[in-house]
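Thanks for coming, everyone. I have one structure to walk through today. Have a look at it on the screen first.

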Amino acid sequence: MTQPAPPNSAENPFPVRAVAIRVAGWIDKLGTVWVEGQLTQINLRPDSKTVFMVLRDPAADMSLTVTAPRDLILGAPVKLTEGVQVVVCGKPTFYTGRGTFSLRLNEIRAVGIGELLARIERLRRLLDAEGLFDARLKRPIPFLPSTVGLITGRASAAEHDVTTVATGRWPAVRFAVRNTAVQGPNAVPQIVEALSDLDGDPDVDVIVLARGGGSVEDLLPFSDETLCRAIAACRTPVVSAVGHEPDNPLCDLVADVRAATPTDAAKKIVPDTAAEQQLIADLRRRSAQALRNWVSREERALASLRSRPVLAQPLAALQARGDEIHRARSAVRRDITRLIDVETDRVGHLAARLATLGPAATLARGYAVVQTVPPSGPAMVLRSVDDAPAGTRLRVRVSDGAVAAVSEGLTDGE
């Protein structure tokens, strides 16, 4: 009966070959798997029957070493170049001699344009649902940025278009250029690094991501999820100028401003000197004309006010009122004088009538007033002979005075 092997410990370590064999056995049990990624570092040696490559995940900084027979690579459905998107079937293998892991391929399939567009559409819906395309999150571009960050290919037409057109529009503009790969497997990490570098520069006021036109495969890095999220995380406004007018990668939707072409981006980030000078001249002319019109309008208003009678002859109204008062006083005086004259005449007539009817006038015509003078009491007018028997003291008043008399009674024949 065999004795069981002692457990692994510091006193009983495994040799390297034992560990390698065990790992190879475990990995060999995994079977075949289908994997999707981008091919990079294709090492196709003329004298080798095995091709060594790297299969990279475009959405993460991860990769696998893959090997394939030479005939499989040469007979692939598409030309295998760096950056091409493929779906492969292979078996995980652990090489005990070098202690390395690789994926041994037995089938390679190309990812068609339709599948790429479908995946981009799914990613677009995902980012849209997360709010990365929300217009309220778009930051405005400064009117005149001090420094423009430019991410583009080295010595590319896009760089030439942006710098030339922007400098022609505003000669004082400055650029902080970061040259990166704009297609292939290295494009996304390099662009993300350049974005982070420019976003951290306090002098950079706006970042332009520029690239010329190309196929869907060429523009695939600009629809990468990692790049889109990096653009959304930037604190500096980002202008996307990728491809031509019909091209619409996802970075256009995430960026703060979309430009149809790199030339259009240059027109959006800096103003046109000639146009701004023309605008200033036009504004000065319009403001001067508006000021002149305002002064003329106010002058006409003042002239209209001055021409009004109340201001042209301010005392005319007082003179008119004075004349009215003078006429009223004259009329009052005239009426009062007339009334006094009428009343004077009336009083004179009444005085004449009173004088005519009064006792003094009657006395003056020879008449006399006889009064009885009793011993006590007031004198009374004699109205009847019966009131003056003989011996009655009498007082006779004539026009020029009064005399005393004594009644002798009735006389005969009267």
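**Domains and overall shape**

The C-alpha centres of domain 1 and domain 3 are 178 Å apart. Keep in mind that this is a predicted model.

Where do the domains fall? Domain 1 covers 16-111, domain 2 takes in 131-136 + 143-274, and domain 3 runs over 361-407.

Now the whole chain. The protein chain has 12 helices and 14 strands. Its radius of gyration is 66 Å, while the globule rule gives 22 Å for 414 residues, so the chain is more spread out than a compact globule. The C-alpha trace tells us the spans along the principal axes: about 215 × 70 × 40 Å.

Next, packing and surface. Of the 414 residues, 29% count as buried. Take the contacts with a separation of 6 or more: 60% of them come from residues 24 or more positions apart. The accessible surface is about 26500 Å², and carbon and sulfur atoms make up 57% of that.

Charges, briefly. The protein chain carries 50 positive and 48 negative charges. Their mean positions are 1 Å apart.

Last stop, a single residue. Ala404 sits in strand E14, residues 401-406. Is Ala404 buried or exposed? Ala404 has a relative accessible area of 72%, and exposed means over 50%, so Ala404 is exposed. Arg393 is 11 residues from Ala404 along the chain, and the C-alpha atoms of the two are separated by 7.4 Å.

That's my tour. Over to you.

Terms used:
Residues numbered from 1 in each chain as written. Predicted model: local features only at pLDDT ≥ 70, side-chain atom pairs only at ≥ 80, totals over all residues. Heavy atoms only, no water. Helix = DSSP H or I, 4+ residues; strand = E, 2+ residues; numbered from the N terminus. Rg over C-alpha atoms; globule rule 2.2 N^0.38 Å. Buried < 20%, exposed > 50% of the residue type's maximum accessible area, 1.4 Å probe, protein only. Contact = heavy atoms within 4.5 Å. Areas by Shrake-Rupley, 256 points an atom, 1.4 Å probe, with all protein chains shown as cover. Lys, Arg positive; Asp, Glu negative; His and termini not counted. Charge placed at Lys NZ, Arg CZ, Asp CG, Glu CD. Domains from an automatic or database assignment.
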